[in-house]
Amino acid sequence: MKQSSSVQSWCVGVTIQLILAAVLHQGFATVAPPTTAQTTAAPHKDPGRPEKGNYLVKNINGTTCLLASMGLQLNITFNSVSQNKTVQDVMNLRPNMTKSSGSCDTDSASLQLTTDADKTNLTFFFTLNSTSHKYHLSEVSLSAALPDMKEPVVAHNRSLDYLRGTYGYSYMCREEQTLNVAEDLSINTFQVQVQPFGLTGDQFGAAEECQLDEDDMLIPIIVGAALAGLVLIVLLAYLIGRKRSHAGYQTI
């Protein structure tokens, strides 16, 4: 019986370690990359989770060539007029006040989002590798002229590698992500689904989910498997211990 008890203790210990490892893995996987923008003042009031907007781009023949559905939150660092110092502001892009436009080519596509009220112009550029049939967000540019800015903010990065997908498929990520663009700009994305190439009609192709979503689904599977394994091993240990106990009381 001592051996059976030790086996059970070992099983419990291993299961706990597996569960802890899964939880720690999830914690590291879902932490968004740190924002590179530096600020000398606390951010303004958190505007909350942004509303998800639906955007599209059409070819000159009227065919939809790019679809995007996502909530966008801009982290912008600028010189404040009212505070007379550098601050970081968090601004949600409001779909009902945002106009979408853009262009599509064989191996490149762009989505331009413009808000007249905030005088903000945000453009996403996607590139397709014709050999591997993979696409990614390769470039982002922003120009913004908020009322409290001493001068407009202009940010541009041509060497990005985000939102990777396959031609004919859409990229999807339900989890929040942070796209670091420049020293004075990072973008938080929420519930993203985008397809810049290989569309058939006005519907997204089959979705390829991001690593963050896959990790989120993996945790309950790991925990469930660990618990099922624990139950099975404890049951086997109990049966073995019971069999040995009966063997010790055999009639002479």
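1. Grid points are joined across faces, edges and corners, and a volume is the space filled by probe spheres set on the points.

2. Some housekeeping before the details. This is a predicted model, with local features needing pLDDT of at least 70 and side-chain atom pairs counting only at pLDDT 80 or more, while totals for chains, interfaces and linings use all residues. Residues are numbered from 1 along each chain as its sequence is written, and side-chain values use heavy atoms, with hydrogens and water left out.

3. Now the overall picture. The chain has two helices and 13 strands; helices (H or I, at least four residues) and strands (E, at least two) are DSSP runs, numbered from the N terminus. Of the 252 residues in the chain, 39% are buried. Here buried means under 20% relative accessible area, exposed means over 50%, and partly exposed is in between (1.4 Å probe, protein chains only). Contact means heavy atoms within 4.5 Å. Take the contacts between residues at least 6 apart in sequence: 59% of them join residues at least 24 apart.

4. On to the core. A nonpolar core is a set of buried Ala, Val, Leu, Ile, Met, Phe, Trp, Tyr and Cys residues joined through side-chain atoms within 4.5 Å. The largest one here has 43 residues, and I76, L111, L122, F124 and I187 have the most contacts inside it. Strand β2 (residues 64-79) gives the largest share of this core, eight residues.

5. The largest cavity has a volume of about 30 Å³, and N92, L93, R94, M97, T115, A117 and D118 line it. Three of these lining residues are nonpolar, two polar and two charged.

6. Salt bridges next: a side-chain nitrogen of Lys or Arg within 4 Å of a carboxyl oxygen of Asp or Glu. The structure holds four. One of them joins D116 and K99 at 3.3 Å, N to O. D116 is in the loop between β5 (108-115) and β6 (120-129) and K99 in strand β4 (residues 99-104), 17 residues apart. K99 is exposed, at 53% relative accessible area.

7. R158 and E139 make another salt bridge, with their closest N and O atoms 3.8 Å apart. R158 sits in the loop between β8 (153-157) and β9 (162-166) and E139 in strand β7 (residues 134-144), so the pair ties together parts 19 residues apart in sequence. The two partners are worth a look side by side: R158 is exposed at 65%, whereas E139 is buried at 16%.

8. E209 and R174 also pair through a salt bridge, at 3.0 Å, N to O. E209 is in strand β13 (residues 207-209) and R174 in the loop between β10 (170-173) and β11 (177-182), so this pair connects parts 35 residues apart in sequence. E209 is partly exposed at 28%, and R174 is partly exposed at 45%.

9. Finally, a couple of backbone spots to check. N84, in the loop between β2 and β3 (86-92), has phi near 55°, a positive value in a residue other than glycine. H133 is not a glycine either, and has a positive phi of about 60°; its place is the loop between β6 and β7. N84 is exposed at 57%, while H133 is partly exposed at 45%.

Terms used: 1 Å grid on protein atoms, 1.4 Å probe; cavity = no way out; pocket = protein on both sides within 12 Å on 5 of 7 lines; lining within 4 Å. Nonpolar A, V, L, I, M, F, W, Y, C, P; charged D, E, K, R; others polar.
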